[in-house]
Amino acid sequence: MSSPRLSTPLAEPPLLQAAALTRRFGSARALAGVDLTVGPGECHLVAGPNGAGKSTLLRLLAGLARPSSGTVLLEGRPLAAEPFTRRAVGLLSHQSHLYDDLTSAENLEFAARLYGLPDPAAAARAGLASAGLSDRADDPVRRLSRGMVQRVAIARALLHGPRVLLLDEPFTGLDPQSAARVAALLEAQRGLGRGLVLVSHEVHESWKLATHSHLLVRGAWAVTGPKNGTLDDFLRRYREVLDG
Amino acid sequence: MTSESLAARRTVARGLGVIALGLAGLAAVYVLALGHTPVERFQGLPQKIFYVHVPAAWSALLAFSLVGIAGALYLWLRDPRLDLFAESTAEAGLVFSVVMLTTGPLWGKPVWGTWWTWDARLTLTLMLFFLFLGYRALRGALQDPSERARFSAVVGILGMVLVPFVHLSVYLFRTLHPQPIVLKPSSPSLPWEMLRTLLLSVGVYTVLLFGFVMTRYGLGRLERAGGADDAG
Amino acid sequence: MGDFLRVAIAVAAKDLRVERRSKTALVSAMAFAALVLMIFNFARDAAALSREMLAPSALWITFAFSGVIALNRSFALEREHGALDGLLLAPVSRGALFFGKYLANLTFVLTVEAVALPLFVLFFGVDLSGALGGIVVTAILATAGFVAVGTVFAAMTVRTRFAELMLPLLVLPFLLPPVIGGVQITARLLAGRPMSEIAGWLRILALYDLVFVTLCLLLFPSLMDE
């Protein structure tokens with residue numbers, strides 16, 4: 001007699017699973033019960049007005065902040081349990097996380113060491129090569145242009161091959177050329193089966209990349225789920241929620 | 001008026017009541033100390049400051065210990081009320097240490113001939129004063145409530161652990177460099193009348209501390225409830 | 001354990017490398033130490049107070065104040081470009097990050113003290129023969145404790161507006177036991193007193209170190225945990 005369970009293949013846990021995320025202090029609430037599940041190859045756009053809780057959500061998903069209640073699972077493992085779980089996640093924010101006085105190579109090598117990569121120097125070289133900045137390896141970050149700094153920052157975020165990429169306003173302040181480059185890179189990451197969570201209040205550029213669209217208003221989802229409809233539909237819904 | 005602000009107002013009222021009780025008790029202590037307690041044979045009348053100073057220093061020390069313990073509990077339980085309690089107790093402690101540090105010299109000058117002496121109690125209270133001040137200054141400089149609570153908790157815990165070290169160091173310092181001891185610590189066998197007055201005084205100061213903390217806690221709750229009212 | 005040390009050393013090495021590049025903080029701290037020593041020489045009634053009598057106090061106040069000044073940069077450098085977030089994102093324990101910062105700060109402050117000590121000998125005409133080893137050990141012991149507390153407070157005050165003022169205000173009470181102990185031991189060493197008189201103070205310093213380094217290691221994660 002074969003049991004039905006045996007014939008079901010083992011399911012892989014989703015890359016990221018957040019359940020009932022709440023963040024409050026006293027009576028003030030930044031997030032009120034937010035759920036999010038990210039699978040491989042998905043790109044979740046999270047839009048919303050200022051103060052909606054988007055940055056808070058991202059910080060919770062990255063393990064930079066602790067939720068008041070709720071859980072975050074990365075590859076099925078609780079984020080809060082031990083530091084090692086954070087290996088699965090990478091954060092690209094508008095801040096570069098780089099040290100001005102160190103060279104790009106030194107910055108990447110330090111990051112490689114933090115992430116426990118076996119050959120930090122080689123990882124740094126590879127990262128710089130992929131960013132097209134091998135010739136500027138020994139220049140202090142202070143002397144690099146804004147665009148170059150961003151490329152090093154991206155290399156740093158991707159150095160350890162995170163399966164979940166969190167992005168905080170990746171297109172803000174970028175010229176169209178750089179924005180296009182970033183978009184292509186993110187699309188490539190998606191192609192590799194990585195999961196993306198893209199927080200942006202500028203919806204236009206991010207829309208093409210997204211597979212799921214969410215609207216966060218006052219700490220809760222006003223819209224959530226796979227992308228259906230056009231950008232205009234989403235924007236209309238956005239306006240409705242803001243006015244309502 | 002929400003139920004939260006009503007409860008807060010009740011706490012404030014109760015706190016003020018406790019303070020009134022404490023002040024009445026304080027008056028009783030003065031009467032007792034000056035009228036009904038024997039004068040110490042060797043030091044005379046000035047020794048009676050003992051009944052004011054010891055309990056005031058004790059209150060400041062108790063207050064700081066509570067701040068430290070509340071901080072530790074907050075880091076464990078993350079309950080904002082613990083943070084408010086710590087904040088209130090720190091403020092009460094600051095008040096007590098200031099009172100002690102100002103009345104001490106004021107009383108001491110005509111009696112001892114000097115404004116200040118590095119006796120153990122004054123030194124410890126002075127240090128507690130600085131710790132309370134630092135605690136308060138840090139809180140004032142931090143905006144985010146969660147950050148403020150966490151950081152204050154750490155300062156409270158570290159400060160609480162520091163106290164015995166400073167006390168030990170100062171004590172050793174003094175035994176090696178004896179300074180005129182203007183206030184002898186209580187003799188091994190304290191006569192009952194003196195002990196009674198001292199204990200009553202300690203009790204009264206503890207009640208006063210409790211009253212201050214309660215009042216301040218209630219005021220704090222009221223402020224936070226008011227804030228929530230405005231936002232909601 | 002291996003990971004803990006690996007991360008701590010990586011962080012410490014990074015801090016020291018950044019400092020080597022810019023050099024500003026180290027040089028300023030050393031200059032500060034020299035100035036304090038100089039002021040001490042003149043800030044006394046030469047008829048009533050000999051240099052020898054003032055020497056231990058001058059040395060330890062210089063150590064203490066220069067140490068506090070040096071600690072400020074510790075987290076200031078992490079503010080730029082959100083570097084601290086970069087550290088916190090990594091799959092490493094907060095304790096390891098603290099220990100790395102602590103080691104870097106300790107190296108930094110001990111370096112300043114190492115420069116201050118010869119100047120002290122020079123300015124105060126002190127004969128260190130026989131006492132040098134003891135003073136070095138005492139300096140390391142005392143510094144190890146207050147740098148731990150200073151590192152924690154530096155992490156906190158860097159988020160405030162008047163960090164340069166808040167850090168000394170918070171840290172100075174914690175300097176009392178190391179400074180008192182340091183002065184007592186140094187005075188006795190310079191006077192050639194027997195070990196028995198010094199042992200008690202050394203024990204207090206060691207206990208202080210043990211308690212506060214452990215406590216700071218345990219409390220630091222709560223600071224970083226939003």
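The account below begins with the open sheet of chain A and then turns to helix packing in chain C.

Reply: The model is predicted, so local features need pLDDT of at least 70 and side-chain atom pairs count only at pLDDT 80 or more, while totals for chains, interfaces and linings use all residues. Residues are numbered from 1 along each chain as its sequence is written, chains are lettered from A and ligands numbered from 1 in the order in which they are written, and side-chain values use heavy atoms, with hydrogens and water left out.

The sheet in chain A is open and has 4 strands in the order β2-β1-β4-β5, with antiparallel pairing. Its edge strands are β2 (28–38) and β5 (77–78), each of which pairs on one side only. Strands (E, at least two residues) and helices (H or I, at least four) are DSSP runs, numbered from the N terminus; two strands pair if DSSP finds at least two bridges between them.

β1(A) and β2(A) run antiparallel and are joined by 8 bridges. Within this pair, A:Gln17 stands opposite A:Thr37 in β2(A). The hairpin that the two strands form has 2 residues between the strands, and A:Gly26 takes a positive phi near 65° there. β4 (residues 69–74) of chain A and β5(A) also run antiparallel, with 2 bridges between them; here A:Leu74 stands opposite A:Arg77 in β5(A).

Helix α1 (residues 54–62) of chain A packs on the sheet and touches β1 (16–25), β2 and β4 of that chain; its direction makes about 120° with that of β1(A). Contact means heavy atoms within 4.5 Å, and angles run from 0 to 180 degrees between N-to-C directions, with axes fitted to C-alpha atoms, for helices over the stretch in contact. The buried residues (under 20% relative accessible area, 1.4 Å probe, protein chains only) of α1(A) are A:Lys54, A:Leu57, A:Leu58, A:Leu60, A:Leu61 and A:Ala62. A:Gly63 follows this helix with a positive phi near 85°.

Chain A also takes part in the packing of a helix of chain C: the buried residues of α1(C) pack against α2 (104–114) of chain A together with α2 (24–42), α4 (73–79) and α6 (94–124) of chain C. α1(C) covers residues 2–22 and reaches 31 Å from its first C-alpha to its last, close to the 30 Å expected at 1.5 Å a residue (1.5 Å times one less than its number of residues). Its buried residues include C:Val7, C:Ala8, C:Asp15 and C:Val18. C:Lys23 comes after the helix and has a positive phi near 60°.

C:Asp15 is also one of the contacts of C:Ser74, which touches C:Lys101 and C:Asn105 as well, not counting residues up to four places away in sequence. C:Ser74 lies in α4 of chain C and is buried, with a relative accessible area of 0%.

Elsewhere in chain C, α7 (132–157) and α9 (195–224) pack at about 20°, with their axes 9 Å apart. That makes α7(C) roughly parallel to α9(C), a term for angles under 35 degrees. α7(C) passes α9(C) in a left-handed crossing, the near helix being turned anticlockwise from the far one by less than a right angle. Among the residues that meet are C:Leu141, C:Phe146 and C:Val149 in α7(C), and C:Leu205, C:Phe212 and C:Cys216 in α9(C).

Conventions: Buried means under 20% relative accessible area, exposed over 50%, partly exposed in between (1.4 Å probe, protein chains only). Angles under 35 degrees count as roughly parallel, over 145 as roughly antiparallel, 65 to 115 as roughly perpendicular and the rest as oblique.
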